[in-house]
Amino acid sequence: KMTERARKNWLADPDSKVVADHLTSMHGKQSIWGSNPIVQAWIRNILAYYSAVLEPGSWDTSLVFEGKQGELVKMVVPQARSLVRQLVTLVTKQKMDFNALAESESGDVVEETRLGNAVMEQVIDRERVDQKGDEMAEMAAVTGQGFMGAFWRTDRGEPHAVDQDSGNFVYKGGVEVVTPHILDVLYDYTIPQWENVPWVELRVSRNRWDLIAQ
């Protein structure tokens, strides 16, 4: 007979230690996954794409001397970046477009969808979603996978109150859109279909003092 805890999704557990322990175990599996040939292919492609140092005998530069007396300079130029950028330019030529769909029983559906579209246009413009979509497509071409994530930041937006205990401003909040590197994304790699992945963890950079203030 299954216990009540076994029936419950681990992310819904009110005990934060349970959630942390589960993610810690997944981090351990990620270190094992790091020896997978696919990960080695990611690293190989990333080095070949972003590094100009392709000459095995010259680790610090792509310029080497050639000729009988070193009178010539050979410049190594990677072609992968040029070809991938051409592909990304074609793929992302059409800008992203979002339309709001209202789930409402009231008669103000048109007004609600108009407000939703206005909010999305503001987020797309402020978070440079089109540019980040370009970055996501570029990473997908290099490593085979590209990611885009959206967060709700409680430290963004206009201040609307002051916390009585700390004296800090309380903000209305705002959306943050990120394009994490494939090595900063953790999920259950044993699930082959992305639509069946129940959870994803993203590693992002934060200022520790801002987190402490929150």
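Which residues have the most contacts inside the largest nonpolar core?

## Basis

This is a predicted model: local features need pLDDT of at least 70, side-chain atom pairs count only at pLDDT 80 or more, and totals for chains, interfaces and linings use all residues. Residues are numbered from 1 along each chain as its sequence is written, and side-chain values use heavy atoms, without hydrogens or water.

## Nonpolar cores

In the largest nonpolar core, of 14 residues, those with the most contacts are Trp10, Leu23, Phe147, Leu186, Tyr187 and Trp199. At least two residues of this core come from each of helix H2 (16-33), helix H3 (37-50) and strand E7 (185-187). A second, separate core has six residues, among them Tyr49, Val84, Ala137 and Val142.

A nonpolar core is a set of buried Ala, Val, Leu, Ile, Met, Phe, Trp, Tyr and Cys residues joined through side-chain atoms within 4.5 Å. Buried means under 20% relative accessible area, exposed over 50%, and partly exposed in between (1.4 Å probe, protein chains only). Helices (H or I, at least four residues) and strands (E, at least two) are DSSP runs, numbered from the N terminus.

## His22

His22 lies in helix H2 and counts as partly exposed because its relative accessibility is 27%. Its C-alpha atom is separated by 7.6 Å from that of Trp10, twelve residues apart along the chain.

## Helices H4 and H6

Arg81, Val84, Arg85 and Val88 in H4 meet Asp134, Ala137, Glu138 and Ala141 in H6 (contact: heavy atoms within 4.5 Å).
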